[in-house]
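Please keep the sequence and the structure in view while reading.

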Amino acid sequence: MEPARWPRAEADAHEEEEAGAAMAAVVAAAGGTGPAVLQVAGLYRGLCAVRSRALGLGLVSPAQLRVFPVRRGSGRPAGGADGSGAGAELEANPFYDRYRDKIQQLRRSDPAAFESRLEKRSEFRKQPVGHSRQGDFIKCVEQKTDPLGKQPVSRGFTKDKTLSSIFNIEMVKDKTAEEIRQIWQQYFAAKDTVYAVIPEEKFDLIWTRAQSCPTFLCALPRREGYEFFVGQWTGTELHFTALINIQTRGDAAASQLVLYHYPELKEEKGIVLMTAEMDTTFLNVAEAQCIANQVQLFYATDRKETYELVETFNFRPNEFKYMSVIAELEQSGLGAELKCAQNQDKT
């Protein structure tokens, strides 16, 4: 396997639905219905210090503190007399720009729905410090991941993409595994996507574990914190969907990344080819690669504690600790390069 190459009327009602989903997404990111995005300090001997937008300041050893900026509310009631207090706080959310147009559209077309969503966020913020929505989070994931494996392929992605549609198998039958690896690499090197050539024994381990645990959670470093994605195996395809989309769109949530695995050459050549398609409006190649790398991290690991996170997510969801995913990612170093690049872009 190449170690670092896991490379990315009705119309009005529909628009209001889209705007509502966008509004809910920002509300969720800011401390709404689930812990889709958190601001997290680094891993220090297993301890992650958390500042969530719902709780303000988490527990942390003073000697190990790393500062992350947290915007505090204006102190005015959510919605206020004219909604300006809550609106200003909403606009201060780091994810607001991503959904700005749809939120403003909802605000103009249905002020009552806009205020209702702000009130929902206000109710959440009134919950006592230490209140946990872990159970709700797990229940949401359980309810929404099953349909992911049954729904049609996401818009813009190729349905039932075959190896023969991108590769002439007959022409490589007399090639060695190394020669095929080089051909595969040269073909995709100039394309904006992720790809890999996976050794047979590594893929067999991944595939065996995927049969018993077809769903897992991974984390993507963002400038504002971490964003969670749910990976769902559908045959040899692996679909990744942002958790915040599952929470706000349910069964209609579209995937942002699909990994295609081709085992046609596994028996004869001892390799499995992989490539991907991604939603480039949501992910760039480096981000897609970081997500793809976590398939190997969680499914092909020799570390018992790491794979146990996948088993817990599938079989004992009430015991699942989503912060453990971030801890594993930081410990592996997979997201370090991506975070470094994001910090450079920010400066």
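## Aromatic cluster

In this predicted model, ring pairs join Phe203, Trp207, Phe216, Trp233, Phe240, Phe298 and Tyr299 into a cluster, and the structure as a whole holds 13 aromatic pairs. Trp207 and Trp233 form an edge-to-face pair, with 6.0 Å from centre to centre and 75° between the planes. This pair links distant parts of the chain, since Trp207 belongs to helix α7 (residues 200-212) and Trp233 to strand β5 (residues 225-234), 26 residues apart. Trp207 counts as partly exposed at 27% relative accessibility, whereas Trp233, at 7%, counts as buried.

The ring centres of Phe216 and Phe240 lie 5.8 Å apart with the planes at 85°, so this pair is edge-to-face. Phe216 lies in strand β4 (residues 215-222) and Phe240 in strand β6 (residues 237-242), 24 residues apart. Phe216 is buried, with a relative accessible area of 1%, and Phe240 counts as buried at 0% relative accessibility.

## His261 and its surroundings

His261 is part of strand β7 (residues 257-262) and, with a relative accessibility of 3%, counts as buried because the cut-off is under 20%. Its side chain reaches the backbone oxygen of Thr236 at 2.9 Å, and the residues that His261 touches include Phe203 and Trp233, which are also members of the aromatic cluster.

## Helices α10 and α12

Helix α10 (residues 285-299) packs against helix α12 (residues 322-332) at an angle of about 100°, with the axes 11 Å apart, which makes α10 roughly perpendicular to α12. Gln294, Leu297 and Phe298 of α10 meet Val325, Glu328, Leu329 and Ser332 of α12, a contact with four nonpolar, two polar and one charged residues.

Definitions and conventions:
Residues are numbered from 1 along each chain as its sequence is written. This is a predicted model: local features need pLDDT of at least 70, side-chain atom pairs count only at pLDDT 80 or more; totals for chains, interfaces and linings use all residues. Side-chain values use heavy atoms; hydrogens and water are left out. Axes are lines fitted to C-alpha atoms, for helices over the stretch in contact, and angles run from 0 to 180 degrees between N-to-C directions. Helices (H or I, at least four residues) and strands (E, at least two) are DSSP runs, numbered from the N terminus. Angles under 35 degrees count as roughly parallel, over 145 as roughly antiparallel, 65 to 115 as roughly perpendicular and the rest as oblique. Contact means heavy atoms within 4.5 Å. Ala, Val, Leu, Ile, Met, Phe, Trp, Tyr, Cys and Pro count as nonpolar, Asp, Glu, Lys and Arg as charged, and the others, Gly among them, as polar. Buried means under 20% relative accessible area, exposed over 50%, partly exposed in between (1.4 Å probe, protein chains only). A polar contact is a pair of N or O atoms within 3.5 Å; within protein, one must be able to donate a hydrogen and the other to accept it, and residues adjacent in sequence count only if both atoms are side-chain atoms. Rings of Phe, Tyr and Trp (its six-membered ring) pair if their centres lie within 6.5 Å; planes under 30 degrees apart count as stacked, over 60 as edge-to-face and the rest as tilted. Lists of a residue's contacts leave out its neighbours within four places in sequence.
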